[in-house]
Every structure is written in structure tokens, then in C-alpha cells.
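I opened my notebook for a new entry today. Here is what I looked up, in the order I looked.

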Amino acid sequence: MATRNKFEINGIIDTSNNVFDNIELLAISSGCFVTWDPSEGHWAVIVNEAGTSLFSFTDSNILGPITVGGSGINDLYNTVEIEYPHKDLRDAVDYITLSIDAADRYTNELDNTLQLKLNTINDPVQAQIIATQELKQNRVDKIIEFKTDFTANGLKAGDLIDVTNTALGFSSKVFRIIQIVEEDTDEGAIVYSITAL
């Protein structure tokens, strides 16, 4: 069975930049996140794509309060403009601008443009996919934080989980773990602090 690359990096990396900044640039250009995985002791790449939940959380395995946060209405982007070298124009600079329809915006939402400059891609289709992904990801930036018991052992950053909580109106709402930290309680038990997007 043949495979086909979803994204291709084709551009210049400035080696005078900080190494992690270059890694972040490559990750954005290929639709990924880079995160620290403390259980493995190294950096991990998380592909930003849909999937199915690996673990369910309810009041039975969530310990203590749940904190939910996100961007305020004035911090949401509703337009994205991406600057990239277009391969069909001999790598001359080209732009793609995408906007959220007015009907899909919140009441009184101000215009707010996310500007991306990606010199590591030169394919207009890939540029449009990245722009769309970044714009949509920004609009679902609900972050949840909670602690759980030892049953979360084995979960790692990047895994998809679902949370059910009546008070918050969540019914198997899917989140992606962006950080999971193992902690020891004073009583000697192991708990996991989870931050998910």
C-alpha cells in the first residue's frame, strides 16, 4: 500500500534563530504541536488531527475541582493571513487570507487577524490547510485542568480524552492532553494533573 505525505517542508531555516523557535516553525508548518513528555523524558510531536478518545473522565475518577478557561471574545481571531513563498510564482511571496463568516462570529466580536509567516512551505494547498487549521483551532481554545487518580497511568501528552460533567454541560466532550504531570500526595498516593485543550 502506497503512502503519501500530508505535508512537505520546503523552505529555508534560519540557523541563527533559537533552535526551539525553528522547531516550533516546522511544527506549525506541518500541522503539529511540540510538547514535553515528562513520562518519557523527551520532547514529543503531536499531530493535530481528529481521532477517538482513549480514556473517559467523569466525577468518579476526577479528584477535586475542574478549572475551565479560554480566550475572551476580544482575543479570538476571526481572520488569518498567511504569508509564504509560492512555488508556482518562483517562490515569490504570496498571501492567503481566510475569514470566519459573519454569521459564525459572536455578537459584538471585533475584527482580529492572526498573521502567520511560514517560509518553510511553498505549496498553496498546504498553506491553506495550515491557515484553516490555525484559525479553527484558535476558536475552540477551551482549556480544562483537573486532577485524577492512578487510572490515568499510561496517558501522555497528545492523547485524546473525553470529559463528562453535568455542571459544565460536558457530555463526552473531547479534549487533547497538552500536559500531564505525575504528583505524589502527602498520603503517598499518586495523582495526575491533566491540562487539556
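This is a predicted model: local features need pLDDT of at least 70, side-chain atom pairs count only at pLDDT 80 or more; totals for chains, interfaces and linings use all residues.

I began with contacts, counted where heavy atoms lie within 4.5 Å. Of the contacts in the chain with a separation of 6 or more, 63% join residues 24 or more positions apart. Residues are numbered from 1 along each chain as its sequence is written, and side-chain values use heavy atoms, with hydrogens and water left out.

**Fold.** I then listed the helices (H or I, at least four residues) and strands (E, at least two), which are DSSP runs numbered from the N terminus. I found 2 helices and 11 strands. Read from the N terminus, the order is α-β-β-β-β-β-β-β-α-β-β-β-β. The C-alpha trace spans about 65 × 45 × 40 Å along its principal axes.

**Burial and surface.** I took buried as under 20% relative accessible area, exposed as over 50%, and partly exposed as in between (1.4 Å probe, protein chains only). Of the 197 residues in the chain, 35% are buried. The accessible surface, by the Shrake-Rupley method with a 1.4 Å probe, comes to about 12100 Å², and carbon and sulfur atoms own 51% of that.

**Aromatic pairs.** How many aromatic pairs does the structure hold? I got 4. Rings of Phe, Tyr and Trp (its six-membered ring) pair if their centres lie within 6.5 Å; planes under 30 degrees apart are stacked, over 60 edge-to-face, and the rest tilted. One of them is Phe-20 with Trp-43, a tilted pair at 5.0 Å centre to centre, with 45 degrees between the planes. This pair links distant parts of the chain: Phe-20 is in helix α1 (residues 19-29) and Trp-43 in strand β2 (residues 42-47), 23 residues apart. Phe-20 counts as partly exposed because its relative accessibility is 30%, and Trp-43 is partly exposed at 49%.

Next I looked at Phe-55 and Phe-57, which form a tilted pair at 4.8 Å centre to centre, with 55 degrees between the planes. Is Phe-57 buried or exposed? Phe-57 is buried, as its relative accessible area is 0%, while Phe-55, at 22%, counts as partly exposed. Phe-55, Phe-57 and Phe-146 form one aromatic cluster.

**Charges.** Last, I checked for a charge over a ring (NZ of Lys or CZ of Arg within 6 Å of the ring centre and within 35 degrees of the ring normal). Lys-173 lies over the face of Phe-175, 5.9 Å from the ring centre.
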